[in-house]
Amino acid sequence: MEKFVITGGTPLKGEVTISGAKNAVVAILPATILAEDVCRIENIPNISDVSAMINILNIMGAQIKYINKNTIEIDTRHINSYVVEHELSKQLRASYYLIGALLGRFNHAEVAMPGGCYLGVRPIDQHIKGFEALGATTRIENGMVKVEAESLHGARIYFDNVSVGATINVMLAATFAEGRTVMENVAKEPHVVDVANFLNSMGARIRGAGMDVIRIEGVRKLHGSDYAVIPDQIEAGTFMAMAAATHGDILVRNVIPKHLECISLKLREIGCEVRSYDDAVRVIAPEKLLPTRVRTYPYPGFPTDMQPQTVVVLALAGGSSVVRETIFENRFKYVDELKRMGADVTVESNTAFVHGVKGLSGADVVAPDLRAGAALVIAALSAEGVSGVDKIEYIQRGYEDFDQKIRGLGGRITCVKNPRDERKAMLRYAQ
Ligand code: UD1
């Protein structure tokens, strides 16, 4: 099992280039099932969630050709199965998008309940509500979600809560539904818009993605497309938080600054200078970070996927901050690990009370999930001394070449595979 060994205490400085958005690509890949044709997708991040999705599509009969590390051609003409077993589906949360895509193409999908990071209960009732409104019936049997319809028809759907997954999944299924579908109380995240743009590039008729109401006119057929995935908002935000926590100065390239506004504004409140360019942002950290209040909220609110990284920054601020998590009930599991590094954080229900300390100190910690894992890496980079971050397979789900990018900024991080390498890594930066 791999782990990161990190010698902290150095400000991170320089430039980093952001990869394609994980949460867009894990929906765009299943969406190619609807094309029944050849699609070329660029700016695909080289992360394990993407490999898992490509592997599932391959096993289902899609032909995949790598043009280079970040571009693939995918031919979904020969997919002839609508069943995805548990062994495959458990590998990632986004396997739920296979339900919408297979239902759209075959009027039938049988997909095992999805896996992914444990952040709480993570129900899929709103996905099912949408599929049923389109005319499907749903059964959950032996851990399989079985959805089928004679035919799908347009419908008016009001989601009871804002869900990224349900919005995208129902959009996938409704692409071929006869007539008009109107979806209300939808998620507006940049990746929702990106998936809609991809579907439209294949001939779908989806209007309003990114706004309050999405309208879809069903079409009979799609065609292949050439498409580039948008940059990853959360990867960019993670490096922005890294600049703040290490008192560094990082130019984050290949981003859409508009998507980062909620993060930039919060970092400014914390005392950072954030400069926006056409496709880059630069974060210059102050000597003294300031405390603030954070409340996670669906886009354009502050992203729940940036909550752990922000708590690390605030753990180093001069004063007390309050961070309220409103999306997932179990997203503070990393706090105990952070305390091992000397952070002063107390969690009561969905709120973290963060009392800034002068500095953190290196410790051995375990990543409990993807974003919390990235947050612990940030904490280790800011801490005095050596840290080990275990279970980095969570981090590799969502960050392409994370350690390599951090080394490019002067971070002293090594990915080790066994205890002997671990000792070497510790000695490497000891002088
Ligand atoms: C997606 C992202 C994840 C991000 C989250 C919120 C992917 C693969 N994952 O997760 O990184 O943290 O959005 O931005 O894109 N809910 C229900 N019923 C449902 C669906 C959701 O009650 O049918 C609830 C959830 O428990 C949660 C909230 O709605 O409290 C938002 O969840 P949702 O936006 O669906 O998150 P995911 O799609 O799982």
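Bear in mind it's a predicted model, so local features need pLDDT of at least 70 and side-chain atom pairs count only at pLDDT 80 or more, while totals for chains, interfaces and linings use all residues. Residues are numbered from 1 along each chain as its sequence is written, and side-chain values use heavy atoms, leaving out hydrogens and water.

Overall picture: we've got 15 helices and 24 strands, taken as DSSP runs (helices H or I, at least four residues; strands E, at least two) and numbered from the N terminus. The C-alpha atoms fill a box of roughly 65 × 45 × 40 Å along the principal axes. As for contacts between residues at least 6 apart in sequence, 72% join residues at least 24 apart; contact here is heavy atoms within 4.5 Å.

Now, the helix pair. The axes of α1, residues 22-35, and α7, residues 190-201, come within 9 Å and cross at roughly 25°. Those axes are lines fitted to C-alpha atoms over the stretch in contact, with angles from 0 to 180 degrees between N-to-C directions. So α1 is roughly parallel to α7, the label for angles under 35 degrees.

Who touches whom? On the α1 side, Asn23, Ala24, Ala27, Ile28, Ala31, Thr32 and Leu34 meet His191, Asp194, Val195, Phe198 and Leu199 of α7. By class, that's eight nonpolar, three polar and one charged, with Ala, Val, Leu, Ile, Met, Phe, Trp, Tyr, Cys and Pro as nonpolar, Asp, Glu, Lys and Arg as charged, and the others, Gly among them, as polar.

Note on methods: Parallel < 35°, antiparallel > 145°, perpendicular 65-115°, else oblique.
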